[in-house]
Amino acid sequence: GILANSRLEVRNEGYRRFAAKAGVDDSATDKTSTVTFTVFADGRKLAQSQPMKWGDPAQSLDIDVEGAKVIELVARSSSADNELLPVSWSEAALTGR
């Protein structure tokens with residue numbers, strides 16, 4: 001997991017798909033702010049979750065990233081205090097070489 005309002009960069013070395021379950025971590029103490037999860041490949045937005053908050057089920061993402069060199073995982077939030085809003089890209093994996 002990471003905190004909301006964060007960006008992870010992943011180098012893609014020939015994989016065709018990215019999959020993950022994105023959601024607000026159960027340990028979050030901010031129960032009202034929303035988080036949107038977005039996946040970019042080489043600067044192009046490929047997928048975006050619906051806004052989520054604490055208690056919502058994780059949203060599954062399964063995205064074609066074939067040919068992309070850099071995949072960015074962005075979690076944006078309306079929270080004023082990111083320390084209260086940990087989020088997860090659980091079961092994240094690049095597959096299909």
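**Notebook: surface, fold and Isoleucine 2**

I began with the surface: the accessible area of the protein comes to about 5500 Å², and 47% of it belongs to carbon and sulfur atoms. Accessible areas come from the Shrake-Rupley method with a 1.4 Å probe, and for residues only the protein chains shown count as cover.

I noted that this is a predicted model, in which local features need pLDDT of at least 70 and side-chain atom pairs count only at pLDDT 80 or more, while totals for chains, interfaces and linings use all residues. Residues are numbered from 1 along each chain as its sequence is written, and side-chain values use heavy atoms, with hydrogens and water left out.

I then looked up the elements. The protein has 8 strands and 0 helices; both are DSSP runs numbered from the N terminus, a helix being H or I of at least four residues and a strand E of at least two. The radius of gyration is 13 Å, close to the 13 Å of the globule rule for 97 residues, so the protein is as compact as a globular protein of that length. The radius is taken over C-alpha atoms, and the rule is 2.2 Å times the number of residues to the power 0.38. Along the principal axes, the C-alpha atoms fill a box of roughly 40 × 20 × 20 Å.

I checked burial next. Of the 97 residues, 39% are buried (under 20% relative accessible area; exposed is over 50%, partly exposed in between, with a 1.4 Å probe and protein chains only).

I looked up contacts, meaning heavy atoms within 4.5 Å. Among contacts with a separation of 6 or more, 78% are between residues 24 or more positions apart.

An open sheet is formed by 4 strands in the order 1-8-3-6, with antiparallel pairing; two strands pair if DSSP finds at least two bridges between them. Strand 1 (2–3) and strand 6 (59–64) stand at the edges with a single partner strand each, so one side of each has no neighbour in the sheet. I found 2 bridges in the antiparallel pairing of strand 1 with strand 8 (residues 86–95). Leucine 3 stands opposite proline 86 in strand 8.

Finally, I examined isoleucine 2, which is found in strand 1. Isoleucine 2 has a relative accessible area of 21% and is partly exposed. Leaving out residues up to four places away in sequence, isoleucine 2 touches Leu8, Leu85, Pro86, Val87 and Trp89. I also recorded a C-alpha to C-alpha distance of 9.8 Å between isoleucine 2 and valine 24, which are 22 residues apart in sequence.
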